[in-house]
Amino acid sequence: MLILMNSDHTKAELEGVLRKIRAMKLKPHVIPGAQSVAVGITGNAGALDPREFVGLPGVKDAVPVTKPYKLSGRDFKHADTIVKIGPYELGGKGFLVIAGPCAVESEEQVFRIARKVKAAGAQLLRGGAFKPRTSPYAFQGLGIEGLKLLAAAGKEVGMPIVTEVLDQRTLEDVAAFADVLQVGARNMQNFALLKDLAKVKKPVMLKRGMSATLDEWLMSAEYLLSEGNSRVFLCERGVRTFSDHARNTLDLNVVPAVKELSHLPIIVDPSHATGARSRVAPMARAAAAAGAHGLMIEVHDRPREALCDGAQALPPEDFAALMKDLGKITAAVGHEMTPQRKVR
Ligand code: PEP
Ligand code: MN
């Protein structure tokens, strides 16, 4: 249920509405708008009767919200959410690029690649320290050591860092270093992890699960929003389909769909979506054209030596060329490549 207040409502009238909602053992969410204020309600098991609210002083209307997700939906909040990451803003008209290796492998490797993606124009640095690998025998990441190296590289080149949080056990460590906590595809429905992440005062990048529908994805975002973390953005990384010519099927349809249904920013990861270096740039360009708010791209200067995902890593030169194309494409669809800014 969404309660729309009159544009000239008083503070006391708004308080009255909030009191009524709390008295019903439900949770009110005050949503400031351009014209007036709305109040969203969560916590109800079944549909609420609008008549409970329409007669209250200061209330203009009460509209049922039929979607299972509420706080992540546009019905609840019309304006685009802008997620602040260091000196950057993700969402709205800006466009941001997260780039770096799949995994942090060594001090030399992460510093080398960080300098190259920075020189090419990327704003944020990625690198996995805790890696979710299909095989238990594959490289699992450098763990805390990897976090420290990524943070040091990010500090040196002046880039906020994005890294995956695999589980609740390591959440505190990852949160201490990361500027953005990445929830991987395999963890999109790890609700216990999401509940704990909601309490962290840092932005969360929620990747789409391999077989998750848009509703399921937004419900996972709802876990973060409803428990107190509104600094959330989505990342489409391809889904599992019958199609077997690529690692995954990149669902670019979901970009305009998310923008219609949700106020949360959405970026695209063409690296894990395609799994093949030759296809990353074309799909990155397509994602920018489809209206994504940004991209996440894996870059490696020695892909043959990479301990993880070498086949999909772009060499730094190709990444730099792609960044130039992206400047033109984003401008053509009303977005703007964000200039690099100084990180404090
Ligand atoms: C990653 O971005 O490092 C990653 C493991 O991606 P995904 O969770 O989308 O597979
Ligand atoms: Mn990877």
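Q: Hi! Which ligand 1 atom lies 2.8 Å from a backbone N or O atom of alanine 185?
A: An oxygen atom of ligand 1 does. I'd call that a polar contact, which here is a pair of N or O atoms within 3.5 Å; within protein, one must be able to donate a hydrogen and the other to accept it, and residues adjacent in sequence count only if both atoms are side-chain atoms.
A: Before we go on, this is a predicted model, where local features need pLDDT of at least 70, side-chain atom pairs count only at pLDDT 80 or more, and totals for chains, interfaces and linings use all residues. Residues are numbered from 1 along each chain as its sequence is written, chains are lettered from A and ligands numbered from 1 in the order written, and side-chain values use heavy atoms, with hydrogens and water left out.

Q: How much of the accessible area of ligand 1 does the protein cover?
A: The protein covers 97% of the 300 Å² that ligand 1 has on its own. Such areas come from the Shrake-Rupley method with a 1.4 Å probe; for residues, only the protein chains shown count as cover.

Q: Switching to the metal: which residues coordinate the manganese ion?
A: The manganese ion (ligand 2) is held by Cys102 (SG), His272 (NE2), Glu298 (OE) and Asp309 (OD), at 2.0 to 2.4 Å. Donors are N, O and S atoms within 2.8 Å of the metal (3.2 Å for Na, K and Ca), and water is not among the atoms, so sites may look incomplete.

Q: How are those donor residues spaced in sequence?
A: The spacing reads C-x169-H-x25-E-x10-D. Distant parts of the chain are linked here: cysteine 102 sits in the loop between strand E7 (94–100) and helix H3 (107–120), while histidine 272 is in helix H9 (residues 270–274), 170 residues apart. Helices (H or I, at least four residues) and strands (E, at least two) are DSSP runs, numbered from the N terminus.

Q: Cysteine 102 and histidine 272, buried or exposed?
A: Both cysteine 102 and histidine 272 are buried. Buried means under 20% relative accessible area, exposed over 50%, and partly exposed in between (1.4 Å probe, protein chains only).

Q: What about histidine 300, where is that found?
A: Histidine 300 is in the loop between E14 and H11, and at 4% relative accessibility it counts as buried. Its side chain has a polar contact of 3.3 Å with the side chain of glutamate 105.

Q: Onto H11. How far apart are its end C-alpha atoms?
A: They are 25 Å apart, which agrees with the 24 Å that the 17 residues of helix H11 (residues 316–332) should span at 1.5 Å a residue. The expected span is 1.5 Å times one less than the number of residues.

Q: Which residues of H11 are buried, and what do they pack against?
A: Pro316, Phe319, Leu322, Met323, Leu326 and Thr330 are buried. The buried residues of H11 pack against E7, H3, helix H10 (277–289), strand E14 (294–298) and strand E15 (336–337), where contact means heavy atoms within 4.5 Å. Just after H11, glycine 334 has a positive phi of about 80°.

Q: What does the side chain of glutamine 123 reach?
A: The glutamine 123 side chain reaches the backbone nitrogen of valine 97 at 2.6 Å and the backbone oxygen of threonine 338, also at 2.6 Å. Glutamine 123 lies in the loop between H3 and strand E8 (124–126), and at 0% relative accessibility it counts as buried.

Q: Last one: arginine 51, buried or exposed?
A: Arginine 51 is exposed, with a relative accessible area of 69%. Arginine 51 belongs to helix H2 (residues 51–54), and its side chain makes a polar contact of 2.9 Å with that of aspartate 49.
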